Amino acid sequence: MTDGFKVLHSFGTAEDALQHLKSLHPDIVIMDINLPGMSGIDCIRQAREKNPSMQFMMFTIYENSDVVFQALEAGATGYLLKNSSPAKIVESLRELHQGGSPMNAEIARKLVTRFQKSTFSQNEYHLTPKEQKVLELMAKGFLYKEIAEELNNTVNTIKQHIRNIYEKLHVQNKAEAINKIYRS
């Protein structure tokens, strides 16, 4: 019922979704973790291999850090909790479609906490101090515009820093970059 969105299909199992995703070719797949049979995380992992351009929004009750990281590692590019308001869900889907990686504040806080506890060394990936700061703000859930304001740069400059970060880390999106840093 929201302009710009169309629900193509709904599936009760991951196995059914995997069977039909390629022919439906959605821009965004909203996925739960706890499904009968195969888990949503395993479904994303398999679907992502066959459909790398699809974006996967995890929509679940699970806040456990390990589950969050498993989902991001599998290829989820957004992570929302089911207690999110309808307005937050729509806003997050728009952000995901525009290249962002939306997450609830609670999930972003878990990522930040894990990031701060990591033994990350900027020299390990040869990130500049500015790139490290951009990555830190991304992990805190800042939008490109907010990062630009915080660092007194233009949005285009921030996007260039992000492209450089992705290239140096050999990743394709925010979730992969954050996950790689936390795991290192």
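The following conversation goes through a predicted model of a protein.

Q: What is the average pLDDT of the protein?
A: The model is predicted, and the protein averages a pLDDT of 87. Of the residues, 93% score at least 70.

Q: Where is confidence lowest, and where is it highest?
A: Confidence is lowest in helix H6, residues 122–125, where the mean is 65. It is highest in strand S1, residues 28–31, at 95.

Q: What order do the strands of the sheet have?
A: The order is S1-S2-S3 in an open sheet of three strands, and the pairing is parallel.

Q: Which strands stand at the edges?
A: S1 and strand S3 (78–81) do. Each has a single partner strand, so one side of each is left without a neighbour in the sheet.

Q: And what does the twist average?
A: From one strand to the next, the twist averages 20 degrees.

Q: How many bridges link S2 and S3?
A: Strand S2 (residues 55–60) pairs with S3 over four bridges, in the parallel sense. Thr60 has Leu81 of S3 as its bridge partner, and Phe59 stands opposite Leu80 in S3.

Q: Which way do the residues of S3 point, and are they buried or exposed?
A: Gly78 and Leu80 point one way from S3, while Tyr79 and Leu81 point the other way. All of these are buried.

Q: Turning to the helices, how many residues has H4?
A: Helix H4 (residues 86–97) has 12 residues. From its first C-alpha to its last it reaches 17 Å, close to the 16 Å expected at 1.5 Å a residue.

Q: Which residues of H4 are buried?
A: Ser92, Leu93, Glu95 and Leu96 are buried in H4. They cover an arc of only 160 degrees around the axis, which puts them on the same side of H4.

Q: What do those buried residues pack against?
A: The buried residues of H4 pack against S1, S2 and S3. The face of H4 turned away from its buried side carries the exposed residues Pro86, Ala87 and His97.

Q: What about H2, which residues are buried there?
A: In helix H2 (residues 40–50), the buried residues are Gly40, Ile41, Cys43, Ile44, Ala47 and Arg48. Their arc around the axis is only 155 degrees, which puts them on the same side of H2. On the other side of H2, Glu49 and Lys50 are exposed.

Q: Back to H4: what phi does Gly99 take just after it?
A: Gly99 takes a positive phi of about 100 degrees.

Q: Where is Ser101 found?
A: Ser101 is found in the loop between H4 and helix H5 (105–117).

Q: Is Ser101 buried or exposed?
A: Ser101 has a relative accessible area of 4%, which means that it is buried, since the cut-off for buried is under 20%.

Q: Which residues is Ser101 in contact with?
A: Leaving aside its neighbours within four places in sequence, Ser101 is in contact with Thr77, Glu95, Lys174 and Ala175. Of these, Glu95 is also one of the buried residues of H4.

Q: What phi does His170 have?
A: His170 has a positive phi of about 60 degrees, although it is not a glycine. His170 lies in the loop between H9 and helix H10 (174–183), and it is exposed, with a relative accessible area of 69%.

Methods. Residues numbered from 1 in each chain as written. Predicted model: local features only at pLDDT ≥ 70, side-chain atom pairs only at ≥ 80, totals over all residues. Heavy atoms only, no water. pLDDT = per-residue confidence, 0-100. Helix = DSSP H or I, 4+ residues; strand = E, 2+ residues; numbered from the N terminus. Pairing = 2+ DSSP bridges. Axes fitted to C-alpha atoms, helices over the stretch in contact; angles between N-to-C directions. Expected span 1.5 Å × (residues − 1). Buried < 20%, exposed > 50% of the residue type's maximum accessible area, 1.4 Å probe, protein only. Arc of directions from axis to C-beta. Contact = heavy atoms within 4.5 Å.
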